[in-house]
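Hi everyone, thanks for coming. Please have a look at the model first.

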Amino acid sequence: MTANWPQVELDAVRRLRALAAGIPGAVVTERVFDRPLPVVWELMWDDGRSFAEIQPDMHAITDLTVDGDRVSLHARSRYGFRAHLQGTVRPGWCWLQSRFLLIGMAAAEEPGGRTRVALTGGVRIPARAALVPIGVRRESTKSLDRLQELVLRDSAG
Amino acid sequence: MIDDPERLVRAAQGGDTLAMNDLLDQLTPYVGRICGPIALGNGPDATQEALVAVFRSLRTLKEPAALFGWVRAIAVREAVRVARREGRQVVAELAELPARGDPQLAIDVQDTLARLSPEHRALLVLRDLEGLDEAAAAELLAVPAGTAKSRLHRARASFRKAWTS
């Protein structure tokens, strides 16, 4: 009988809110885009290409390796800093950390063929599950603005 | 990748956010299985709030071996709280719940659950899904054993009535 009891499938945005709650200093910034999930996710990740485009101060990524949903990559900032990011990427979900960086992205379907995007992350207090609480919301908002530009460009064809 | 939940908890408590991510993967279906039947249409809210509470206080978990019991207690508490808060909306949203297995049977289960109070649903979950005995379920819900027994009797009677009507 219990096989028919209601169960919950938690979407990626709700999962990101839960995970960020365990990281002091983390802020989740959200925006709804008027495009379907697969389109928005392609613009958010695209094998790391658009990922580098929407992350603040990220210039390029190299050495991307993928093993199932496990990902490893090297990121270089515009100011020459380098980070070795490792973590999990799957459709609608990205969670990456290096010693000094944390990046979380989630996307989930909204009614009417729209997509809710949630971002978190920032400068990590080295080797700790905590962020330096300076400029966190501003950086995420910048990323959402860049994603918005990509969405508009994509919609314009 | 670490699969063992106890090792994941230790790594997460040590500051590894990738371990937190893997722990989230392991805990989400478990928490959803508890929150769904108690919070019904508000199951996603309850599951999210339970997981928020879990990750906020993960550092305070002294015995990683007790992880699932600790998470279960948080999930039941949050599900009852959300179901009470949103009580009026639950029944209205029942028709939108996804049906699993036999659609008609699933609707019957949801309909019967919706006629019970959140506390009654919590008792059924702890006894029938989680396999706790009455004393342990009563302790987790902070009610006297006699109260738990009578609530469980009423909850099961509601189910029997639904199946035979």
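Let's begin with a term: buried area is the accessible area, taken with a 1.4 Å probe, that two parts lose on being put together, summed over both. What we have here is a predicted model, where local features need pLDDT of at least 70, side-chain atom pairs count only at pLDDT 80 or more, and totals for chains, interfaces and linings use all residues. Residues are numbered from 1 along each chain as its sequence is written, chains are lettered from A and ligands numbered from 1 in the order written, and side-chain values use heavy atoms, without hydrogens and water.

So, how much area is buried between chain B and chain A? About 3,100 Å², with carbon and sulfur atoms giving 61% of that. In terms of contact (heavy atoms within 4.5 Å), 31 residues of chain A meet 41 residues of chain B.

Next, salt bridges, meaning a side-chain nitrogen of Lys or Arg within 4 Å of a carboxyl oxygen of Asp or Glu. The rule finds four of them across this interface. One salt bridge joins the side chains of A:R90 and B:D25, at 2.8 Å from N to O.

Now for our serine. Is A:S98 buried or exposed? Its relative accessible area is 7%, so A:S98 is buried; the cut-offs are under 20% for buried, over 50% for exposed and partly exposed in between, with a 1.4 Å probe and protein chains only. Leaving out residues up to four places away in sequence, A:S98 touches A:A83, A:H84, A:L85 and A:R124. A polar atom of the A:S98 side chain also lies 3.2 Å from the backbone nitrogen of A:F100.

Notes: A polar contact is a pair of N or O atoms within 3.5 Å; within protein, one must be able to donate a hydrogen and the other to accept it, and residues adjacent in sequence count only if both atoms are side-chain atoms.
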